[in-house]
Amino acid sequence: MTDTTAKNPFEYRTTPKNNWELIWWAVTDRNKVREYVAKFELTKKESRLHFLRIYFFYLVPLVCASIFILWFIYISLIAITDLPNITPSEWWEKDILADWVEIPNFLSKLNYLFFKNIGITFSNLFAGLAFVLISGLFFGLEGLGLSLGLSLAFSLSSSIFSFFIGLFYTLALISLFGLLESFILALCTSLILAFSESLFDGLGIFLGSFTTLIFFFTKSHFSRLDNNLYILLEGINLSLFAEKRFIKQSQENPELALDFVDFLLSYRRKNYNLAVLLTHTATATLWKEAALNLDEKRLVLRNFKVRGFTLSETWQPKLTEIKSKLLTAEQTTQISIKKDLFIGFIKELEDFRQSLLIPRQLTWRDKISMTRRIDWQKYYREAIEEWIKIAKQKLEEYEEIAKRTEPISRNFYLTGDALIPNRNDTVFMNRTDLHNELTLKIHTTNSIAVLFLQGQRRVGKTSLVKFLPKILGRRFEVVSLDLQGNITSVEDFLFKLRREFNTKFSLTEKTDWEIPQNWATALHELYEYIGNHAKEKDIKIILAIDEYEYLQQHLSKDLAQAQEFLGALRHFSQHQDHISLMFVGLKFFSELQSPNWNEYFVNAVPIRVDYFNQEESFKLIEVSNLDFEEGAKEKIFALTQGHPALIQKICYEIVNIANTKGSKNIVWSDVEKALKVMVYVSVNGVTDIFWTQTCELPEDKEVVWAILEKREIPKTHRLRLRRLIEYGFILENEEENSYTLRVPIFEKWVKKFG
Amino acid sequence: MQKFENEDIENYDTTFCLRPSFSKTLLVELLVRGQSINLTGDTGQGKSRQLEDTKKLCKELNLRVALVDLKEYRLQYTFLLKTLSEQLFLPKTDFAHFTDLLDAIHLQKENAFVILIDNLEVLNDYQSNDKRYDADFVSSLNLLKDKENVYLMCASREWLKKVVFSNETSLLNLHRLTISMLRDTEVENEINRQCPQLTTTHRSKLRKTVSDHTQAYKLLNFLLTEAKVEYEEKKFDKLLTKWLKDYDRYNS
């Protein structure tokens, strides 16, 4: 909990609590005494009377008591340590040395020193006090007389209290003249005393002064913004080497620093440079803090016409421009415009940062000044850099929002998943040729019982299967089963196929189907079951088996059963008019051995699922509803050759770009950006699949490289070449007996990453 | 099944998320555009936290959500299936194969499921995984993502297009979404959520320490955990140095 009653460290009271405090002020802050006196508007006589009261009731007892105590400690130390006997004889007067030898013990020595010295000590003390009285009466209460009197009272009181005197002397000097002058004066005094009086006195004064100054420096090292010598003493005009410490604290607590600055500016004229330095540090810190919320209201400049600290005239107009740009951007609701305005705002910040990079020209006086030599501009630079960093993060966020909220174009494209009816209808291209071929074959040929939908990976086979019911219309019912990672055995395949059928027609079996162990028998039962329902409803059922190759791995576990199963499948499909089988996959039947599928399905009707033609490609591109630069769509088609997944990927990114830049106009450079992000990367899900999966053997890769480098293809690789041609990756020019990769993107990708 | 629109997602309250804006982007990709996602990003960027946030968001949308860290289940395949089925509130929870779980999901067409899998790279990283994490498992994931009532998101350090098992390579077709860099405002909000007692200056120092680090979220989380226990305003600088040393020690 914050202590609300905490004392304000910068409170500047000018009414002392008592006269003791008034005396303390006279030593530390004469300005307070002056202001205190001024408040009462005392006449000369009243001022002097007041002084006399303080003099006799406070000052004389204080000085006498303290001097006596110090003096007594001093002579006790000499007596205890037997100082004349252990120090060089030149330091001491001869009669003292002669007497000293005769004195037997400590008490006698103390007694000797007491009476030997008390006269001169107190005569000095009284001389000092008399001087204070005279000067005080002369100057009145306005501080100068008092503080001067104090310092002289101490300094004149006794030469033998050199060390302690040195402490007070220096303190008094500081109150009068400032730290620098005090140090010089103390040094001079000690030298004069050393030469004119005695080395001991000189050393005492010097050590005293030195100790005081050490205290000051030590104190400054531990200075805090709210507790330091600048607050305590008025006369400090020398650096306490605390600047860095103050700067660090200002960065940690800029509000406190500004309070301290206000104090310095109001009451410590000698520390104006420090005040301005800390103002810049604290202000820059406040700017930095404001960056997080881009709070432009806190971008306020505090300018001072102080040598070494003046701000450039260009700063204020720049700052005004920055604020204005930010405000305009934030008040704009349309995300694309907002984003553009924000870019303008960042540019202004960058400009301002550039101007802050110009180094200050330092004069020799700046270089020797502890405050002016500091590169305070760097704090503003750091603050602006923070603003730029946060602003850029904000811009990223706006771009993210733009992509997400799709202010320009809805992003319907999918980059990996199969298309699902009712969700992705917009980007499902009803391939006219394929549609016609499929419907024609299914509708017109009653005897066609096995269809084979073959196509490369990522070409849209699964999407096609999912959309089959829509394509084929009401006369056909499609029961599809994707085998990819979906079956654990042949029995499981049959069970799931039956379940899919039941689900499709909302059929519930009283008991779970007990699958016969023999695969062919099980198939027989399933065919009978499905066939009976189809007959009953007078419909034709298409059993679409997607990723049919997965069945092979389970069939191969029992070759005899597998052959019997495939034979049965062929038999049933030939004799069951109401059921058609549709295998969907990449591999040709001829590629599946043990069992050899080709033996059983030689009469299967192959239907190639290929790339889009130009019209379909354009249609897919135009889903974005963007305005493409003339020729851009043609170029996309030329590069992709209508590869569905590639077009989806490119268009997905193009829509992102359009939404981010807030424009419907798509130029070729946008397409290039999309290609760079989505296609020309080591892994894009299309070309890398071709390279690692389709070109599964080293011979396949060698074939591709030979084509790209226009080399002769080794004769031993002919079968592999033929396979790639059949898959539709390589085009053959029979006239020229040459080969090319069908899709230019594949070519470029292989050259780059293959 | 519930259909989601961009506007709906934009209006969802994601302020509790570490990355509120990115969370919305993710939901748009996942629920509106229907993309199965591979969330990628270096270790320590906060992918797991993003999955947790997504789980909370999806729960608020009344979707059935399961979040599993594959690292925890790499030796216990069936335990993964059990956890998934429990979190998805499937009627049956004991499955021997992933395909059976798929089946159970497939049969609940009226419900939408969100499946979030963390540390997918485990499939590639360890030879000692349960042998049932094989090509079929990846195929099942592929099948899962194509299901109408399933939204799938997996997280991994890099885009996991293929999983290489001892004898074969399996392909995954997930839409890559790279986790966004942790923004200063996001770090600040997280500090305010976890350690509101930190002063402005100390929050700023923490932000700077974190934003310069390659494992921003991991470090942030560590520092905030320490700060919750040890924070003292006057000793912050010393404590921060100590915490950073501890962090390095724990992660070396």
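Let's start with two helices of chain A in this predicted model: α31(A), residues 698-708, and α32(A), residues 718-727, pack with their axes 9 Å apart and at an angle of about 75°.

Now let's move to where the two chains meet. Chain A brings 55 residues to the contact and chain B brings 52. Between them the chains bury about 4,400 Å², and carbon and sulfur atoms account for 43% of that area. Which residues of chain B lose the most area to chain A? They are R33(B), D146(B) and R183(B), which together make up 15% of what the chain B side buries.

In total, 10 salt bridges are counted between chain B and chain A. Polar contacts across this interface link 30 residue pairs, with both partners at pLDDT 80 or more.

Which elements of chain B supply this surface? At least two residues each come from α1 (6-11), α2 (20-32), α6 (98-107), α8 (135-145), β6 (169-171), α9 (184-194) and α10 (200-211) of chain B. The element that gives the most is α2(B), with 7 residues. By class, the side of chain B that touches chain A divides into 21 charged, 20 polar and 11 nonpolar residues.

Finally, let's return to chain A for two details of its backbone. Most residues other than glycine have a negative phi, and most peptide bonds are trans. Against that background, look at the bond joining S594(A) and P595(A): this peptide bond is cis, with omega about 0°. P595(A) sits in the loop between β4 (579-585) and α25 (597-600) of chain A. The other detail is N625(A), which is not a glycine and yet has a positive phi of about 60°. You will find N625(A) in the loop that runs between α26 (614-622) and β6 (627-628) of chain A.

Note on methods:
Residues numbered from 1 in each chain as written. Chains lettered and ligands numbered in written order. Predicted model: local features only at pLDDT ≥ 70, side-chain atom pairs only at ≥ 80, totals over all residues. Heavy atoms only, no water. Axes fitted to C-alpha atoms, helices over the stretch in contact; angles between N-to-C directions. Helix = DSSP H or I, 4+ residues; strand = E, 2+ residues; numbered from the N terminus. Contact = heavy atoms within 4.5 Å. Buried area = accessible area lost by both parts, 1.4 Å probe. Salt bridge = Lys/Arg side-chain N within 4 Å of Asp/Glu carboxyl O. Polar contact = N/O pair within 3.5 Å; in protein donor to acceptor, adjacent residues only side chain to side chain. Nonpolar A, V, L, I, M, F, W, Y, C, P; charged D, E, K, R; others polar.
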